[in-house]
Amino acid sequence: MSCEHLICARCSGPVVEGRCPTCRAARAQVHHHGPAVSPAVILIALVLAFALAMGLALQHLS
């Protein structure tokens with residue numbers, strides 16, 4: 001979603017300009033992004049999970 005075409009009900013200005021506190025709050029809410037997880041971290045987690053599963057499987061067979 002983008003705030004380029006949104007008009008503020010309080011100041012009647014474009015939200016993207018952030019003229020008033022309401023505009024700035026709406027713009028921050030629209031452009032809020034959660035923490036990004038890099039692909040390297042995901043790959044490391046998958047390798048560790050696989051190693052743990054293999055370790056448990058080998059221990060169970062013994």
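Colleague: Is C23 buried or exposed?
Modeller: C23 counts as buried, because its relative accessibility is 0%. Keep in mind that this is a predicted model.

Colleague: And C8, buried or exposed?
Modeller: C8 is buried too, since its relative accessibility is 6%. The cut-off for buried is under 20% relative accessible area.

Colleague: How many disulfides are there, then?
Modeller: The count is zero. C8 takes part in no disulfide, and the nearest cysteine sulfur to it is that of C23, 3.4 Å away.

Colleague: Remind me what a disulfide is.
Modeller: It is a covalent bond that joins the sulfur atoms of two cysteines.

Colleague: New topic. How many helices and strands does the protein have?
Modeller: Two helices and zero strands. Helix α1 covers 21-30 and α2 covers 39-61.

Colleague: What about the overall dimensions?
Modeller: Along the principal axes, the C-alpha atoms fill a box of roughly 70 × 15 × 15 Å. The radius of gyration is 24 Å, whereas a compact globule of 62 residues would have one near 11 Å.

Colleague: How much of the protein is buried?
Modeller: Buried residues are 11% of the 62 residues.

Colleague: What share of the contacts is between residues 24 or more positions apart?
Modeller: For contacts with a separation of 6 or more, that share is 18%.

Colleague: Which residues make a nonpolar patch?
Modeller: V37, V41, I42 and L46 form one of about 370 Å².

Colleague: Where is V37 found?
Modeller: V37 sits in the loop between α1 and α2. V37 counts as exposed because its relative accessibility is 53%, and the cut-off for exposed is over 50%.

Colleague: Last one. What is the phi of S12?
Modeller: S12 has a positive phi, about 60°, although it is not a glycine. Most residues other than glycine have a negative phi.

Colleague: Where is the place of S12, and is S12 buried or exposed?
Modeller: S12 belongs to the segment before α1. With a relative accessible area of 57%, S12 is exposed.

How values were computed: Residues are numbered from 1 along each chain as its sequence is written. This is a predicted model: local features need pLDDT of at least 70, side-chain atom pairs count only at pLDDT 80 or more; totals for chains, interfaces and linings use all residues. Side-chain values use heavy atoms; hydrogens and water are left out. Helices (H or I, at least four residues) and strands (E, at least two) are DSSP runs, numbered from the N terminus. The radius of gyration is taken over C-alpha atoms; the globule rule is 2.2 Å times the number of residues to the power 0.38. Buried means under 20% relative accessible area, exposed over 50%, partly exposed in between (1.4 Å probe, protein chains only). Contact means heavy atoms within 4.5 Å. Patches are made of residues with over 30% relative accessible area and no salt bridge: like charges are joined within 9 Å, nonpolar side chains (Val, Leu, Ile, Met, Phe, Trp, Tyr) within 5 Å. Accessible areas come from the Shrake-Rupley method with a 1.4 Å probe; for residues, only the protein chains shown count as cover. A salt bridge is a side-chain nitrogen of Lys or Arg within 4 Å of a carboxyl oxygen of Asp or Glu. A disulfide is a pair of cysteine sulfur atoms within 2.5 Å.
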